[in-house]
Structure formats: C-alpha cells, structure tokens
2 protein chains.
Amino acid sequence: MSITRRKLLSMIGAASGGAAMYHAMTTLGHAAESPYAGPLELGDAGKGTSVLIIGAGLAGLTAAMELRKAGYKVQILEYNARVGGRSWTIRGGDRFTELGGETQTCEFAPGEFMNPGPWRFAHHHRAILDYCRRLGVEIQPFVEVNYNGYLHSRTAFGGKPQRLAHVIPDLQGHVAELLSKASQQHALDEELTAADADMLREVLKIWAGLDSNSRYTLGAESAKMRGYDSMDLSAGTRTASAPLPLREVLKLCLDSDIWAISNHSGYRDLQNPLFHPVGGMDMIARAMAKQVPGAIRFNTKVTAIHQNDSGVTVTYEDTARPGRPQQAKAQWCICTVPFPILSQMDLQVSPGMLAGINAIPFATAVKVALQFKRRFWEQDDGIYGGFSHTQLPIRTISYPTHGFNKAGPGVLYGAFMFGAYSYEFAGMSAAERVKKAVEYGAQIHPQYPAEFQNGVSVAWHRQPFSLGCTARWTPEKRVEHYQNTRAIDGRIVLAGESVAAAVGGWQEGAILSALDVVERIHKRVVAA
Amino acid sequence: MSITRRKLLSMIGAASGGAAMYHAMTTLGHAAESPYAGPLELGDAGKGTSVLIIGAGLAGLTAAMELRKAGYKVQILEYNARVGGRSWTIRGGDRFTELGGETQTCEFAPGEFMNPGPWRFAHHHRAILDYCRRLGVEIQPFVEVNYNGYLHSRTAFGGKPQRLAHVIPDLQGHVAELLSKASQQHALDEELTAADADMLREVLKIWAGLDSNSRYTLGAESAKMRGYDSMDLSAGTRTASAPLPLREVLKLCLDSDIWAISNHSGYRDLQNPLFHPVGGMDMIARAMAKQVPGAIRFNTKVTAIHQNDSGVTVTYEDTARPGRPQQAKAQWCICTVPFPILSQMDLQVSPGMLAGINAIPFATAVKVALQFKRRFWEQDDGIYGGFSHTQLPIRTISYPTHGFNKAGPGVLYGAFMFGAYSYEFAGMSAAERVKKAVEYGAQIHPQYPAEFQNGVSVAWHRQPFSLGCTARWTPEKRVEHYQNTRAIDGRIVLAGESVAAAVGGWQEGAILSALDVVERIHKRVVAA
C-alpha cells in the first residue's frame with residue numbers, strides 16, 4: 001500500500017505508454033490540464049553531483065529544492081536582491097529601478113501590495129497548488145469576475161460604463177431568444193430533430209431567463225438574471241430592470257474587444273475559482289527559498305556561461321561592484337534566465353538553441369497600482385474584486401481581491417495593458433504613468449482625484465532582469481525551435497516559463513518545466 | 001461637508017419623492033438591489049422608551065443595536081443558548097436537539113464547522129456588508145461556482161458525472177453555433193438587420209469559442225473554453241478536448257433540473273463574488289451581540305405577547321425550568337420569531353396580522369455535513385469550493401470554501417435539498433441521514449467510504465426555534481397579507497426574514513426589515 005501516485009503512474013507508463021498513463025491519471029481523479037503527477041521521487045542518487053542554477057524564480061527554486069532532496073550540490077545565482085523573479089510582490093518601502101535608470105520607491109501603507117507579474121493561478125494548476133500545500137503557503141480565492149464591474153466603450157451607450165451584471169445576462173438572453181425563435185421557425189430542421197429542438201427551447205428558457213413565450217424581456221424572469229432596479233420595503237416589491245438593447249450590447253462587446261466579457265467568465269484558464277497566496281505572490285518563492293538555505297547568491301549578474309565535456313563555468317559579477325568578474329563551476333547548469341536577457345549573454349550552446357532563444361519574443365505589459373484613502377469602489381460602487389474594462393489606454397482596472405471590506409486605504413490596479421498602450425505608458429516617467437492612470441480612471445470612478453494617495457508602476461520590458469513579461473510561442477515557432485531550446489545541450493539546459501511552451505505565461509509552466517528538466521538531468525546522472 | 005449619505009438621500013427624498021431619491025442613490029454610486037442607505041441616524045430621542053425584542057437573530061440584534069444607540073432601553077429574549085437564530089454555525093462539541101427529541105453532538109475537528117442556514121451573501125447585499133465592515137467582521141469570498149464540480153444525471157452520459165467545465169462551455173458553444181448558422185440562413189431577417197447579424201456572428205465567435213467557420217468543434221478555439229485533455233511537455237503541445245454532443249448536454253441539463261448550470265453562474269443573487277465571514281456565519285451575530293452587552297436573556301421560551309394602549313406584556317419561561325411562567329414588560333415589542341413558531345403563540349394582535357402569520361409557509365430543507373480524513377475533493381479531483389449537482393436524493397454536494405489546500409480533515413456538505421427529498425431525509429435518524437449521504441455521495445466520489453469520519457445534519461422543519469428555513473411569499477400572498485404583517489399593530493411590530501418579502505431568504509432581508517421597523521417605531525416615539 002505504500003506505492004505513490006507517481007510510482008503507479010510511471011509503472012503504467014512504462015508498461016503501456018502515454019495513452020494508458022493518461023487514462024490512468026484520469027481514472028485516478030486528476031484534472032487533465034496539468035500533467036503534474038505528484039512530487040518527484042529521485043532517491044539520493046544525485047549525491048556528489050553539482051548543479052548551478054541561474055535565477056531564483058519559481059523554476060530555479062523548484063529545481064533547487066528537488067535536486068537538493070536528491071543529494072545534489074546546488075547553488076543559485078540571482079540577479080535581484082530577492083527571490084521570485086517575475087513572481088514578484090512590491091510593498092511599502094520597496095525600491096526598484098527600471099532600465100533607463102529611474103528608481104521608484106513604493107509608498108503603500110502596511111499590508112498593501114502590488115503583484116506586478118502573476119497575480120493568480122487556476123484551480124487546475126496542480127503543481128503550484130501542491131507546492132503551496134506542501135510548503136504551507138496559505139492561499140485564498142482570487143475574485144476574477146465581479147458582476148458589478150464595468151464595461152466601458154467610448155461610443156456604445158453614449159460612453160456610459162455598463163455593469164457586467166447587465167451586459168453578460170443580456171447578451172445571453174438575447175442570444176437565447178433569437179435561437180429559440182429560429183428553431184420554432186424550422187430554420188434549424190437540418191441540425192435538430194423536433195425532439196431536440198423542444199429540449200433546446202426548454203433549456204434556453206431557464207438558462208437565460210426567458211419568459212413563458214421564450215422572450216428575453218422586462219419582467220421577473222430576466223430580473224432573476226440581471227437584477228432589480230429598486231426595492232420597496234413598504235410595499236414588499238421590487239422593480240425589475242429593463243434589458244439593454246441587443247445592438248448596443250454587441251457594439252459594446254466589440255468596442256471593448258469583447259475580451260472583457262468572454263475571457264473572464266469562460267476561458268478555461270480563468271474559470272472560477274482562481275487563487276493567490278495570502279500576503280502577496282512572492283510568498284510562494286519565499287517559502288521555496290526557505291527549503292534551500294544558503295543556496296542563493298543575490299545581486300549577481302551572469303555575463304557568460306561556458307561549458308566543456310565535464311561541466312560549466314559561469315562568469316558573473318556583483319551588481320553593486322560591476323567590472324570584477326568572478327567564476328563559478330559545476331557539473332551541470334540549469335538556466336532559467338528569460339530569453340530577452342539570455343540572448344545578450346555569452347552563452348556557449350548549440351546554434352539551434354541560440355536561434356530558439358533569439359526567436360521567441362517576450363510580451364510587453366505595464367501595470368500601474370494606485371493607493372487611495374479608502375476602498376470607495378467597495379463602499380460606493382459595490383465592487384469587491386474583479387475587473388472593469390475600458391477602451392481607454394488604461395484598458396483594465398483591477399480591484400484588490402484581498403482585505404475585502406476593510407477600513408483605511410486600499411490599492412487597486414489602475415492600468416494593465418499589453419501592446420501599443422503599454423509602449424506608450426512605458427515611455428512615460430513613473431510619475432506621469434500614475435498621473436495618467438488617475439486621469440483616465442476618473443472617467444470610470446469620479447472619486448479618483450479626491451481619494452488618490454500614491455502609486456507605482458512596472459513596465460515589464462524595462463525590467464533589467466526580464467525585458468518583458470512572458471514568452472510568446474506560436475505553433476510555427478514551436479515546431480522550429482521548441483526541441484532545440486528544451487534539449488540538454490551538453491551540460492546546459494534551459495528551464496522556466498520561457499521554455500514552457502505548453503503552459504506559457506503561468507507559474508505552473510515554470511514549475512513543470514523545472515521538474516521536467518530535473519528529471520531529465522537526473523536520468524543522465526544516474527545513467528553515467 | 002459633514003452631511004452623510006443617509007441625510008442627503010432623505011433630503012432629496014423629502015423634497016422630491018421616491019423616484020428622485022432612487023435616481024440620487026444611483027448617481028451616488030449605489031448598486032440598486034438593496035435599498036440600504038447607510039447607518040441609521042436617530043439621535044438620542046429614544047431616551048427613556050423601552051423596547052422588548054423577541055429573538056436574537058440578525059433582525060433582533062440589528063434592532064437592539066440601533067435602538068440602544070438612540071437611547072432606548074432594550075431587552076432581548078432568546079429561545080436558544082446562543083445568538084444568531086438561523087444564522088447559525090455548528091462546531092466540534094456543539095450539541096443540538098431536534099423536534100422529536102434526538103440530540104446530535106458534532107464531532108468535527110477544531111477549526112471545522114457547518115453553517116446549516118445561510119452560508120453566503122451577495123456582493124450587492126449592502127447592509128450586511130456594511131455591518132461587517134463597521135463591526136470588524138472579516139469576510140472572505142465564497143466560491144459559488146467551481147468549474148471542476150460535477151453535474152450528474154442518472155441517465156445522461158450513461159450516468160457518468162460531467163464537469164461543469166465541459167457542460168457550461170459546450171451548451172454555450174452549441175447555442176452560439178446554431179444561432180450563427182440560423183442568422184446566415186436569413187432565418188432572423190425580421191429580427192436583425194444585416195449589419196446587426198454581422199456583429200452578432202462576430203461576437204458569438206469570441207463569446208463561445210467558435211472556429212473561423214463559426215463552428216463549435218474540436219480544436220484550439222473550443223479548447224480555450226473547455227480545456228485540454230492532456231499536455232505533452234516533451235513536445236510542447238496540448239491535446240484539445242472534444243465537445244460533448246448537444247443532445248446529451250440538453251438531457252443532462254433537464255435531468256439535473258438545469259438549476260445547476262444556470263442558477264450558479266447566472267442568477268443575480270448568486271453572481272460572483274459572494275462572501276462569508278471567516279470562521280463561520282455566526283461571527284456576524286456574535287459581533288452584533290457584543291454591541292449590546294447585558295441585553296440578551298438566553299434559554300427563554302416566549303409563550304404569550306399581550307398588549308394594551310401603553311405597552312406590551314410578554315410571558316416566557318426558562319427552557320431549562322418549564323412550567324414557571326414569568327413576565328417582562330415594555331412600551332414596545334419587536335417580534336422576530338419565525339412565523340411557524342409565532343402562529344402557535346398566544347399573540348394579541350389584529351386578525352389581519354394573525355391571518356398573515358398563519359398564511360405564509362416556511363420552506364423545508366436538510367443539510368448534512370460530513371467530515372473526511374483529508375480534502376480528497378481538492379487533492380484528487382481538483383475541486384476547490386463550489387458545488388456538484390446530482391439527481392440523487394442528496395441533490396447537492398457543496399465543497400468547503402475556506403481553508404483551501406489544507407492538510408488534515410475537511411468538512412463538506414454531503415447533502416442539501418428542499419422539498420420531497422428533504423422530508424424523506426428529515427424522517428430518518430441523524431445517523432441514517434449521514435449513512436445515506438455517504439452512500440449516495442460515493443457514486444460521485446468513490447473516496448467517500450474510505451475517508452469518512454463523522455457527520456451532522458440539520459432538518460430545518462424539525463428545529464424547535466424555526467420549524468422551517470425561510471418564509472415563502474408569493475405575489476398573491478403579498479397582496480393579501482404583506483401590509484398586515486408589516487404594520488405596527490398597537491405596540492407590537494414584526495421584523496425579520498419572515499416579513500422581508502422583497503428580500504426573503506437572505507440575511508440582508510432580516511437586517512433591512514429590522515432597520516425599517518426601528519425607523520417606523522422611532523417616528524412614532526418622536527411624534528408622541
């Protein structure tokens with residue numbers, strides 16, 4: 001009875017191949033999305049073998065923990081003065097400097113923070129959930145969808161923000177009514193039997209709040225979905241709210257890139273529930289770092305990674321005392337440095353791997369966090385977590401999804417954008433970004449100017465340790481470069497989100513990539 | 001600048017009536033659903049006036065707090081040995097006795113609990129949120145929807161439970177594809193202009209994950225909504241999952257009362273986010289009780305409420321020493337006793353009020369909570385909070401929405417049903433209910449028998465302090481009885497969820513009803 005899930009799965013896998021193993025995982029109850037099969041079990045065969053890890057983000061720390069457990073001698077070189085890499089939390093008193101030299105000091109109140117990078121993970125990200133569980137990192141739900149959040153287009157509804165609580169049910173209601181009508185007019189006779197169509201109309205009614213005539217219209221049924229305008233205690237009655245016209249809803253959806261309404265409710269990666277650690281995203285990296293005491297050397301800028309048949313030589317310098325190169329040696333090197341930085345290093349690997357590193361661009365993004373005197377979005381607007389989406393350059397206002405209902409100051413994300421607007425914002429000084437975020441945001445929340453206290457911003461492509469936020473693989477690039485970037489190249493192997501093509505952009509990918517790399521190196525070591 | 005929201009609103013209301021006041025509330029940023037306008041501001045004109053409150057649930061406690069603040073002399077008589085009424089939390093060591101005499105002792109581990117009554121409130125329940133804020137009751141999100149939860153019909157999909165993550169996007173996807181097709185075949189030309197239809201098809205595509213030909217079919221687009229079957233790290237690829245056939249989805253929805261999929265994602269009352277207090281629902285009542293020290297007399301069974309022109313006389317007995325009637329007097333009485341109990345009291349009120357009390361039935365419901373050795377639904381099945389719905393008599397399995405990811409034992413709700421099945425379960429002994437919940441639940445979670453530890457159950461119509469869970473008003477009964485039950489009847493007025501026809505079944509209703517009653521009594525007192 002002492003057989004573990006991982007052992008059982010690997011036995012099944014060895015005996016009958018991947019499909020049988022996948023089937024077994026499903027039967028054993030796993031959600032399929034993440035191939036995580038439980039903690040690595042490497043024994044202690046790594047004893048005496050040394051591994052140098054570049055980067056103390058989630059990939060580097062995961063690799064370090066697992067390798068140490070298996071007896072390896074592990075050292076991590078980290079550019080920043082902290083662990084976590086892009087899994088980063090900024091708190092009051094923290095200072096950071098962007099490329100170009102501007103230094104920001106965060107002035108948030110105690111207990112407030114900003115997660116400039118990842119701020120939540122999915123309920124099917126089994127690896128990160130398991131690490132949180134084993135390391136005792138307390139997690140809490142991340143409120144991704146708040147139906148009281150706004151959609152704001154410059155033109156639809158005359159530029160007046162609309163609550164998701166109206167837009168989402170109204171789109172669904174109109175769609176259901178139209179389909180019900182079409183099926184009654186026999187327009188779908190080729191697609192549906194009469195019995196199917198009957199079932200469909202029945203389901204549509206309840207699904208979308210249609211009335212007894214299958215119409216989505218002002219009344220008790222639609223109000224059940226989209227809410228009431230007002231309530232009269234003295235009469236004991238409520239006044240149903242009137243659905244928005246379909247045309248205007250469609251305009252709003254298209255104007256706001258629709259991303260807003262579809263993405264958040266529906267996409268598998270963002271389906272309810274999502275989670276984040278209590279106290280900030282970096283709590284995970286901090287807990288991991290405690291597992292490898294003494295392993296990390298901070299403020300270390302790696303400039304070259306060379307190798308020969310027996311090992312690697314890494315050249316680095318102390319960021320506080322540049323120009324005095326030092327060297328570290330090990331038998332193996334796991335390099336988790338984001339590609340945009342790695343492509344500038346003197347890296348002795350195959351031309352194929354170099355080509356891959358140079359070929360995969362990183363997305364750019366800017367997040368601006370603003371502290372206000374009070375959580376007016378909760379107290380005045382009834383918005384507890386979730387998002388408002390707008391066509392304005394700030395694109396997204398994200399409300400804090402912890403400390404709900406607290407008195408005193410609160411921090412929200414006043415801007416979060418990719419692409420063109422992110423370049424525009426990144427080009428501004430830190431003070432200008434904050435000023436602009438307040439100006440634009442005031443169009444959604446008029447309370448902004450009176451309540452604003454201070455703000456910080458992170459422009460990802462100006463962060464000297466990443467030069468971007470996440471790797472952007474395409475199917476074509478995967479075919480051309482994936483195997484080359486993933487291969488053990490002599491004594492060097494890459495790990496982290498940059499390489500995790502199948503789970504890119506998520507911390508889950510960084511952890512899975514690290515586990516995969518550790519397993520493969522271990523196999524080589526054991527075989528040798 | 002010291003004018004409060006409530007004062008401003010009441011000035012607007014006095015000047016220009018209800019519609020203007022509603023408009024002002026909207027303009028001031030209020031979500032409209034709850035008419036809560038902020039804390040009462042009664043001054044101290046109540047000095048010297050005495051009020052006797054029956055029941056220390058949320059309505060009674062709210063009334064007591066607000067009246068004390070205004071100088072009133074307040075006393076509460078409470079049947080139970082605790083505050084909260086139906087807003088109740090059962091923890092390890094707690095004992096309670098149902099009608100018929102069976103006593104259960106809860107054996108939950110420390111930190112675990114069951115909320116047999118209300119277990120969450122909506123983000124637009126402004127009154128309860130404001131009381132939590134002012135009283136420092138910490139709240140956390142209640143995970144209502146978990147896409148990893150199951151829908152289970154006895155027949156659809158051969159009785160195999162299906163994940164909401166598949167059913168919800170697949171219904172949406174098929175619906176969108178059919179409507180897109182119908183609109184292309186000009187079936188909707190009477191409903192939509194050509195331009196509208198173009199916009200509609202564009203929105204449907206993104207909304208529901210249709211492919212470039214507007215089909216909901218196996219591929220990257222549908223996988224974005226419903227997820228992947230597996231992920232291959234060595235190839236960097238994911239295998240898209242295949243949509244379920246529409247006919248089977250429709251069957252499942254109808255078989256499972258569809259309530260499951262529509263209700264939880266869509267109904268305004270249950271839209272994301274919802275909240276619950278950290279540590280159990282009774283934390284709110286406990287915090288309220290601290291505001292009225294010395295006011296509550298516990299274990300007090302009221303048998304009669306009489307009145308004359310100058311005040312009320314309440315007859316009660318100590319539940320531990322029955323048969324020794326005592327009396328309490330006051331100038332006013334606010335009675336929050338649930339109607340099924342109240343209808344059995346010697347209550348000296350108008351025939352109209354009595355008729356109302358007798359006419360409004362209470363819903364019956366049973367909740368069964370089960371403790372298991374470990375949170376296998378999280379660790380094995382990836383279900384963190386939310387619900388599974390089944391046609392089996394247990395109807396609902398509800399997963400704990402706090403303490404996520406913790407090691408050690410966990411408590412879930414193994415059954416929650418209204419109507420017929422609730423009578424069936426209520427008719428069993430406590431041990432039988434738990435046994436049946438484990439037996440049925442094992443059809444969804446085979447881990448049940450091996451992991452089960454203990455359980456408790458609450459059959460609401462067998463609770464001696466309520467004889468049911470919530471009042472069931474209908475529009476017809478409202479017309480006939482609402483004004484009579486709501487009126488100040490001499491010196492007696494009813495308050496609480498029973499009377500809150502417009503917000504029935506929610507704690508918000510109990511609080512709003514209490515505020516309304518306090519305002520009306522205060523007006524009388526000031527006028528006198």
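**Close-up views of a predicted two-chain model**

**View 1. Strands β20 and β23 of chain B.** B:Val366 lies across from B:Met417, a residue of β23(B). The model shown in this and the following views is predicted. Strand β20 (residues 365–372) of chain B pairs with β23(B) in the antiparallel sense, over eight bridges. Strand β23 spans residues 410–418 of chain B, and eight of its nine residues are buried, so the strand is largely enclosed by the rest of the structure.

**View 2. The three-stranded open sheet of chain B.** The strand order in this open sheet is β7-β13-β8 (chain B), and the pairing is antiparallel. β7 (121–122) and β8 (139–142) of chain B form the edges, each pairing on one side only. Between β8(B) and strand β13 (residues 274–277) of chain B there are four bridges, in the antiparallel sense. Within β13(B), B:His276 is the residue opposite B:Gln140.

**View 3. Helix α3 of chain A and its packing partners.** Helix α3 of chain A covers residues 126–135, and its buried residues include A:Arg126, A:Ala127, A:Ile128 and A:Leu129. A:Tyr131 and A:Cys132 of this helix are buried as well. Strands β7 (121–122), β8 (139–142) and β13 (274–277) of chain A are among the elements against which the buried residues of α3(A) pack. Helices α9 (282–290) and α17 (507–527) of chain A also pack against these buried residues. Just after α3(A) comes A:Gly136, with a positive phi of about 70°.

View 4. Helix α16 (residues 475–486) of chain A contains twelve residues. From first C-alpha to last, α16 reaches 15 Å, close to the 16 Å expected at 1.5 Å a residue. A:His481, A:Tyr482, A:Thr485 and A:Arg486 are buried in α16(A). These residues lie on the same side of α16(A) because they cover an arc of only 130° around the axis. An α-helix has 3.6 residues a turn, so residues three or four places apart point the same way. A:Glu476 and A:Val479 are exposed, on the face of α16(A) turned away from its buried side. The cover over the buried residues of α16(A) includes α11 (351–359) and β25 (492–494) of chain A.

**View 5. The surroundings of A:His152.** A:His152 belongs to strand β9 (residues 150–152) of chain A. A:His152 counts as buried because it has 22 C-beta neighbours inside 10 Å, where 20 or more are required. Apart from residues up to four places away in sequence, A:His152 touches A:Pro161, A:Ser388, A:His389, A:Thr390, A:Gln391 and A:Ile444. A:Thr390 is 238 residues from A:His152 in sequence, yet the C-alpha atoms of the two are 4.4 Å apart.

**View 6. Cys333 in the nonpolar core.** The largest nonpolar core comprises 324 residues, and A:Cys333 and B:Cys333 have the most contacts inside it. Contacts of B:Cys333, leaving aside neighbours within four places in sequence, are with B:Leu52, B:Ile54, B:Ile305, B:Val312, B:Val314, B:Arg491 and B:Ile492.

**View 7. The side of chain B that touches chain A.** In the contact between the chains, 83 residues of chain B meet 83 residues of chain A. Helix α4 (residues 164–184) of chain B gives the most to the chain B side, with nine residues. By residue class, the side of chain B that touches chain A has 45 nonpolar, 20 polar and 18 charged residues.

Notes: Residues numbered from 1 in each chain as written. Chains lettered and ligands numbered in written order. Predicted model: local features only at pLDDT ≥ 70, side-chain atom pairs only at ≥ 80, totals over all residues. Contact = placed C-beta atoms within 7 Å. Helix = DSSP H or I, 4+ residues; strand = E, 2+ residues; numbered from the N terminus. Nonpolar A, V, L, I, M, F, W, Y, C, P; charged D, E, K, R; others polar. Buried ≥ 20, exposed ≤ 12 C-beta atoms within 10 Å, placed from the backbone. Expected span 1.5 Å × (residues − 1). Arc of directions from axis to C-beta. Core = buried A, V, L, I, M, F, W, Y, C linked by C-beta atoms within 7 Å. Pairing = 2+ DSSP bridges.
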